[in-house]
Amino acid sequence: MSRLRANLLLSVIALIWGSAFVAQSHAMADMGPMLFTGLRFLIGSAVVLPLAVLEWRRLGREGRPLKARDGWHIAGLGCLMTLGAALQQIGIQFTSVTNAGFLTAVYVPLVPVLAWV
């Protein structure tokens, strides 16, 4: 990949990511944070479900089926992700889009540091 193409892709991703906060903020005028988060996760689940089924079948064919413990891990991570998204959405209600974007950008490098600590 050329440097120009990489920079263009990063710019497009930043534009999409940044505009998502504006859409989230405007959505709060019509619905609550939990309804918004629920609908967002429902749409995401519908998109990911076919891929998850394909992966599940592939693992079964390879003789590595999922165990009950794996289901608990997936559910636990899903709960943590839902909690984080819901708290972020609640926070967007009470702050500006700029501050929400900044705080979200701060936790990207902060998470590995906290994991290390």
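The lining of the largest pocket contains 13 nonpolar, 8 polar and 1 charged residues, where Asp, Glu, Lys and Arg count as charged, Ala, Val, Leu, Ile, Met, Phe, Trp, Tyr, Cys and Pro as nonpolar, and the others, Gly among them, as polar. This is a predicted model, in which local features need pLDDT of at least 70 and side-chain atom pairs count only at pLDDT 80 or more, while totals for chains, interfaces and linings use all residues. Residues are numbered from 1 along each chain as its sequence is written, and side-chain values use heavy atoms, with hydrogens and water left out.

The largest pocket holds about 730 Å³ of space, and of the 22 residues that line this pocket, F41, G44, S45, V48 and M81 are the closest to its centre. At least two lining residues come from each of α1 (3-27), α2 (33-61), α3 (68-93) and α4.

In the loop between α1 and α2 the reader will find M28, which is buried, with a relative accessible area of 14% (buried means under 20%, exposed over 50%, and partly exposed in between, with a 1.4 Å probe and protein chains only).

Definitions and conventions. 1 Å grid on protein atoms, 1.4 Å probe; cavity = no way out; pocket = protein on both sides within 12 Å on 5 of 7 lines; lining within 4 Å. Points joined across faces, edges and corners; volume = space filled by probe spheres on them. Helix = DSSP H or I, 4+ residues; strand = E, 2+ residues; numbered from the N terminus.
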